[in-house]
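Please look over the structure shown below before reading on.

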Amino acid sequence: MAMALRCFWHLPSLLYRSSFAVRWGLPQAPTGCPSLLLDGCRQCVHQVLLTRQLATKKAKGKGQSQAKVNISAALVEDIINLEETSEDMQAVVEALKEDLSRNLSVRTSPGALDHITVVTKDGKFPLNQLGQISLKSPQLIVVNMASFPESTAAATKAIRESGMNLNPEVDGTIIRVPVPKVTREHRESLAKLAKQSTNKSKEALRKVRSKSINQIKKSKSKVSEDTIWLLEKQIQQMADSAAAEMDKLLAAKTKELLG
């Protein structure tokens with residue numbers, strides 16, 4: 001008991017540095033703390049710091065914002081990998097960015113067709129792996145399916161259902177794809193597709209968030225409710241940040257499409 005009290009004797013100085021402790025990891029146990037009590041001492045400090053964060057959060061309301069939670073990933077690595085969660089969320093954002101850039105443009109180019117997915121009896125393949133894509137004129141893209149003639153019908157269907165407002169015409173193994181005129185209606189159609197793509201990405205983001213939160217809840221028997229609450233809060237903040245980045249991408253793309 002006396003040895004344990006010696007550990008807590010140093011808590012005031014540790015708590016004074018709580019913001020650094022939470023961000024960069026807990027400080028080492030005080031000098032003189034027996035090795036047998038090292039883990040216990042650090043656990044107590046960790047719990048006090050987390051509880052203090054919870055108690056000092058700002059209340060929601062007009063003119064107020066809730067305090068940002070920033071728990072060091074090293075402190076909770078036995079519960080969840082926060083860095084991996086962040087990477088998964090950012091991957092969803094990057095996928096949306098590439099989709100908006102590659103597939104939604106006022107001017108359709110051959111490269112825009114490259115990654116249209118074609119479903120065949122042998123599996124799914126990008127269009128550019130099955131056919132030779134070329135720009136015959138500013139108003140016409142041609143896809144030569146001579147290498148895989150049996151996939152011509154599937155490629156035609158994939159182009160038509162790509163959401164790019166394309167109406168391909170088939171002549172043997174040649175697929176002619178007229179490039180739509182840049183009308184106001186076409187611009188608005190592309191803007192709607194951009195919105196749909198963003199909504200799909202946000203759904204994927206919610207799945208990443210839900211998966212992470214479910215993983216945290218599995219540790220309820222091992223850690224305190226305060227720790228669980230803070231981790232859930234931090235993951236929600238990460239998801240909100242990613243969603244805000246998606247909204248910015250959508251706004252920029254919509255402005256570009258509508259001119």
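Why are Lys253 and Glu256 separated by about one helical turn? The reason is that Lys253 and Glu256 stand three residues apart in helix α9, where helices are DSSP runs (H or I, at least four residues), numbered from the N terminus. An α-helix has 3.6 residues a turn, so residues three or four places apart point the same way.

This is a predicted model, in which local features need pLDDT of at least 70 and side-chain atom pairs count only at pLDDT 80 or more, while totals for chains, interfaces and linings use all residues. Residues are numbered from 1 along each chain as its sequence is written, and side-chain values use heavy atoms, with hydrogens and water left out.

Helix α9 covers residues 225-258, which makes 34 residues, and spans 49 Å from its first C-alpha to its last, close to the expected 50 Å; that expected span is 1.5 Å times one less than the number of residues. Just after α9 comes Gly259, which takes a positive phi of about 70 degrees.

Side chains of opposite charge can pair when their charged atoms come close. A search of the whole structure finds six salt bridges, each being a side-chain nitrogen of Lys or Arg within 4 Å of a carboxyl oxygen of Asp or Glu.

Glu203 and Arg206, by contrast, both lie in helix α8, three residues apart, about one turn of the helix.

Is Lys253 buried or exposed? Lys253 counts as buried because its relative accessibility is 8%, and buried means under 20% relative accessible area, exposed over 50%, and partly exposed in between (1.4 Å probe, protein chains only).

Finally, Glu83, Glu84, Glu87 and Asp88 form a negative surface patch, a term for residues with over 30% relative accessible area and no salt bridge, in which like charges are joined within 9 Å. Asp88 is found in helix α5 (residues 82-103) and, at 36% relative accessibility, counts as partly exposed.

Definitions and conventions
Helices (H or I, at least four residues) and strands (E, at least two) are DSSP runs, numbered from the N terminus. Patches are made of residues with over 30% relative accessible area and no salt bridge: like charges are joined within 9 Å, nonpolar side chains (Val, Leu, Ile, Met, Phe, Trp, Tyr) within 5 Å. Accessible areas come from the Shrake-Rupley method with a 1.4 Å probe; for residues, only the protein chains shown count as cover. Lys and Arg count as positive and Asp and Glu as negative; His and the chain ends are not counted. The place of a charge is taken as NZ of Lys, CZ of Arg, CG of Asp or CD of Glu.
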